[in-house]
Amino acid sequence: MDRRAGIKKLTTIALLLAMALTLSIAESFIPFGIPGLKLGLANLVILLAIYYYGFWIPLAIDLARVVVASLFTGTFLGMGFVMSLSGAVVSFFLMYLGYRVLKFFTPVGVSIMGAYGHALAQMFVAVAYLGSWGVFYYFPVMALASLATGTLNGFLVEAILANRYLSHFVEMTKR
């Protein structure tokens, strides 16, 4: 890879991280009537990165996003951080699996898998933290929210992937 292409790729990755961070931090200030509910817009960026860059780069972006966002929001190493990290890791692996192995899924299906995985991982962390399986009574609410947010993010990713200009730009940075 020549130096110019390397700089373009690094810049694109930095922009993806900045977008994921911005969306993640901005979401933390949006009040919803349902505790623990977020739109998961940062997963939109992670899913795009999976489609464009494969495994390691999106994983690094996702982990860096969780750590840096928790530092900005003051939740680092707290319960919120552990829940966010577990949800992000499970969500990432499910989205990657849905994209790479289960090739019949569209971005909407892959996004929904990630959203459900995120909610489920958070439920298990809450069970471990509270010592009670009663937390799972809340899962139907989280599952319904995951369906809605996963669908929204999946449609947004489909629209972005269909944009020829953006796809061409990212392809240029991969060289």
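**View 1. Helices α3 and α4 cross with a right-handed sense.** The model is predicted. Helix α3 covers residues 56-73 and helix α4 covers residues 79-100. The two pack at an angle of about 165°, and their axes lie 10 Å apart. That angle is over 145°, so α3 runs roughly antiparallel to α4.

View 2. By class, the contact residues are 10 nonpolar, two polar and two charged.

**View 3. F92 and F93 form an aromatic pair.** The structure holds 13 aromatic pairs. In this one the centres are 5.5 Å apart, with 80° between the planes, and the geometry is edge-to-face. F92 is buried, at 0% relative accessible area. F93 is partly exposed, at 39%. Ring pairs also link F92 and F93 into a cluster with F55, W56 and Y96.

**View 4. F124 and W133 make an edge-to-face pair.** Their ring centres are 6.0 Å apart. The planes meet at 85°, which is over 60°, so the pair counts as edge-to-face. F124 is partly exposed, with a relative accessible area of 41%. W133 is exposed, at 58%.

**View 5. A18 sits in helix α1.** This helix spans residues 3-27. A18 has 36% relative accessibility and therefore counts as partly exposed. L47 is 29 residues from A18 along the chain, and their C-alpha atoms are separated by 15 Å.

Note on methods. Residues numbered from 1 in each chain as written. Predicted model: local features only at pLDDT ≥ 70, side-chain atom pairs only at ≥ 80, totals over all residues. Heavy atoms only, no water. Axes fitted to C-alpha atoms, helices over the stretch in contact; angles between N-to-C directions. Helix = DSSP H or I, 4+ residues; strand = E, 2+ residues; numbered from the N terminus. Parallel < 35°, antiparallel > 145°, perpendicular 65-115°, else oblique. Left-handed = near helix turned anticlockwise from the far one by under 90°. Nonpolar A, V, L, I, M, F, W, Y, C, P; charged D, E, K, R; others polar. Buried < 20%, exposed > 50% of the residue type's maximum accessible area, 1.4 Å probe, protein only. Phe/Tyr/Trp six-rings, centres within 6.5 Å; stacked < 30°, edge-to-face > 60°.
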